[in-house]
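Here are my notes on this model.

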Amino acid sequence: MEFEGIKNTLKKHGFKVSCFRNKEEASAYLNKQIDGKSVGFGGSVTTKQMGLYDSLGTHNEVVWHWVIPEGIDKKEWLAKAMTTDVYIASANALASTGEIINIDGAGNRVSSLVFGHDKVYYLIGRNKIADNYDEAILRARNTAAPMNSKRLGRKTPCAIKGDRCFDCNSPERICRTMTVTWRPTKGVDTEVVLVDEDLGF
Ligand code: SF4
């Protein structure tokens with residue numbers, strides 16, 4: 001996939017951008033960039049597919065609520081991930097016009113992506129890129145969220161029918177807040193890592 005256009009748009013908007021052919025190259029880059037830091041992760045299939053918790057964990061302090069050490073309370077671990085030097089997550093969609101869309105249930109991921117860390121990395125596979133802002137919102141709501149609901153085994157109409165968002169009122173609804181990141185938030189060094197592979201949902 002040609003990343004040149006979106007790369008230039010994101011750079012014009014103040015993001016750092018790096019592009020890779022595959023997740024192995026992206027992972028090697030991140031392991032060079034992040035060393036001796038505390039690193040928090042958002043819930044992210046992309047991160048899992050890249051094996052970053054394990055590789056970065058060999059030379060950084062890593063905190064992820066998908067891997068909670070025995071005896072630690074989940075809430076405490078979620079809070080700890082919000083105070084690390086570096087934060088890593090993906091996006092539910094990236095518009096070619098530069099907007100980054102994320103939908104969250106607990107809000108830990110979206111809040112950490114915009115505040116509280118020196119450095120934030122968005123890891124984004126080519127499958128997350130939409131033609132424009134409206135398409136990106138549609139993707140986040142009708143593709144990413146239903147797939148995540150299904151992955152989490154939620155009893156929501158999207159997980160059962162698997163085709164689209166029903167804007168449900170289910171108590172198990174995972175879509176409770178949505179962020180649109182237009183520009184890096186003040187004081188946060190924000191880098192978009194584009195990978196020319198399908199990653200996550
Ligand atoms: S709002 Fe409900 S139906 Fe729509 S994607 Fe989220 S959980 Fe599924």
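1. A residue counts as near a molecule if one of its heavy atoms lies within 4 Å of it. The model is predicted. Around the ligand sit Arg 141, Ala 145, Thr 156, Cys 158, Cys 165, Phe 166, Asp 167, Cys 168, Arg 173, Ile 174 and Cys 175.

2. What is the make-up of the shell around the ligand by class? Seven of its residues are nonpolar, one is polar and three are charged.

3. The ligand takes up the largest cavity. A cavity is a space where the probe fits but cannot get out. Please keep that apart from the largest pocket, treated below.

4. How many disulfides does the model have? The count is zero. The rule asks for a pair of cysteine sulfur atoms within 2.5 Å.

5. Is Cys 168 buried or exposed? Cys 168 has a relative accessible area of 14%, and buried means under 20%, so Cys 168 is buried. Cys 19 has 30% and is therefore partly exposed.

6. The largest pocket has a volume of about 590 Å³. Its lining comprises 29 residues. Asp 104, Gly 105, Arg 109, Arg 151 and Leu 152 lie nearest the centre. By class, the lining has 11 nonpolar, 10 polar and eight charged residues.

7. Which elements build that lining? At least two residues each come from helix H3 (45–50), helix H5 (74–81), strand E6 (100–104), helix H6 (108–114) and helix H7 (133–151). H7 gives the most, with four residues.

Methods: Residues numbered from 1 in each chain as written. Predicted model: local features only at pLDDT ≥ 70, side-chain atom pairs only at ≥ 80, totals over all residues. Heavy atoms only, no water. 1 Å grid on protein atoms, 1.4 Å probe; cavity = no way out; pocket = protein on both sides within 12 Å on 5 of 7 lines; lining within 4 Å. Sits in = over half its atoms within 2 Å of the grid points. Nonpolar A, V, L, I, M, F, W, Y, C, P; charged D, E, K, R; others polar. Buried < 20%, exposed > 50% of the residue type's maximum accessible area, 1.4 Å probe, protein only. Points joined across faces, edges and corners; volume = space filled by probe spheres on them.
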